[in-house]
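Hi,

Here's the structure I promised to pass along.

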Amino acid sequence: MIKFFETIQSRSDLIQQAFLEHIYLSFIAIAVGIAIALPLGILIARYRKYAEPIIGVTAVFQTIPSLALFGFLVPLMGIGSNTALIALIIYALLPILRNTYTGIISVDSSITEAGKGMGMTRSQILTQIEFPLALPFIMAGIRTATVLTVGITTLATFVGAGGLGDVIYRGLQSYNNSLVLAGALPVALLAISFDLLLKWFEKKATPKGMKTI
């Protein structure tokens, strides 16, 4: 344990820089993933005949081993953060897309019909009925995608994008377990922190009538 703290102190600049790079890559990937998958999930809930093929495509990408996808993108885009971001966004899509679609179609049709009977427009039904009721499903998908993305971002080091994977890889190369732990522990803490933050946001955004606690 003493060696671990000595390693953190001696490599503080490296760890701090890698930590900031990791946050940047993870945050951008999740933000873009939400921006793509959320409206797409709502769209395929409206046109359900397209749901299976679109979700199927994202599921196929999800089955590709992470390192293989990074390696496949390098000849196409070169090395650097852009390549890492493309791969991370691809992995973030499926949980958000599937949960958004599932949440929207799970809303009781009698509720939406009641909204129509009250003269609500399609957009009002979406924003005031369907989306609030589907929010727990959607947030579960976002939280899953976030934890997944934070973990996979460690592989960004292999395409020259930095992140805490740099610290872990250097530790493995030098057989320095303390350095490996100095890279792995912040990854775990970052994933937990993002998950708790999203859980807090979900509770704040959930209508009072839907809260179980």
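Let's start with Arg 46, which is partly exposed at 24% relative accessible area. Keep in mind that this is a predicted model. The partner of Arg 46 is Glu 130: the two form a salt bridge, with 2.7 Å between the closest N and O atoms. Arg 46 sits in helix α2 (residues 12–46) and Glu 130 in helix α7, so this pair ties together parts that are 84 residues apart in sequence. Glu 130 itself is buried, with a relative accessible area of 8%, which is under the 20% cut-off.

In total the structure has three salt bridges. Another one joins Arg 143 to Asp 195, where the closest N and O atoms are 2.9 Å apart. Here helix α7 carries Arg 143 and helix α9 (residues 177–205) carries Asp 195, so the link spans parts 52 residues apart in sequence. Asp 195 comes out as partly exposed, at 21%.

The remaining bridge is between Glu 113 and Lys 116, at 3.6 Å from N to O. Both residues belong to helix α6 (residues 109–117) and lie three residues apart, about one turn of the helix. Glu 113 is partly exposed at 46%, and Lys 116 is partly exposed at 49%.

On the aromatic side, a search of the whole structure turned up one pair. That is Phe 158 with Tyr 169, edge-to-face, 5.3 Å centre to centre and with 70° between the planes. Phe 158 is in the loop between α7 (122–152) and α8 (164–173), while Tyr 169 is in helix α8, so the pair connects parts 11 residues apart in sequence. Phe 158 is partly exposed at 43%, as is Tyr 169 at 34%.

Cheers

Notes
Residues numbered from 1 in each chain as written. Predicted model: local features only at pLDDT ≥ 70, side-chain atom pairs only at ≥ 80, totals over all residues. Heavy atoms only, no water. Phe/Tyr/Trp six-rings, centres within 6.5 Å; stacked < 30°, edge-to-face > 60°. Helix = DSSP H or I, 4+ residues; strand = E, 2+ residues; numbered from the N terminus. Buried < 20%, exposed > 50% of the residue type's maximum accessible area, 1.4 Å probe, protein only. Salt bridge = Lys/Arg side-chain N within 4 Å of Asp/Glu carboxyl O.
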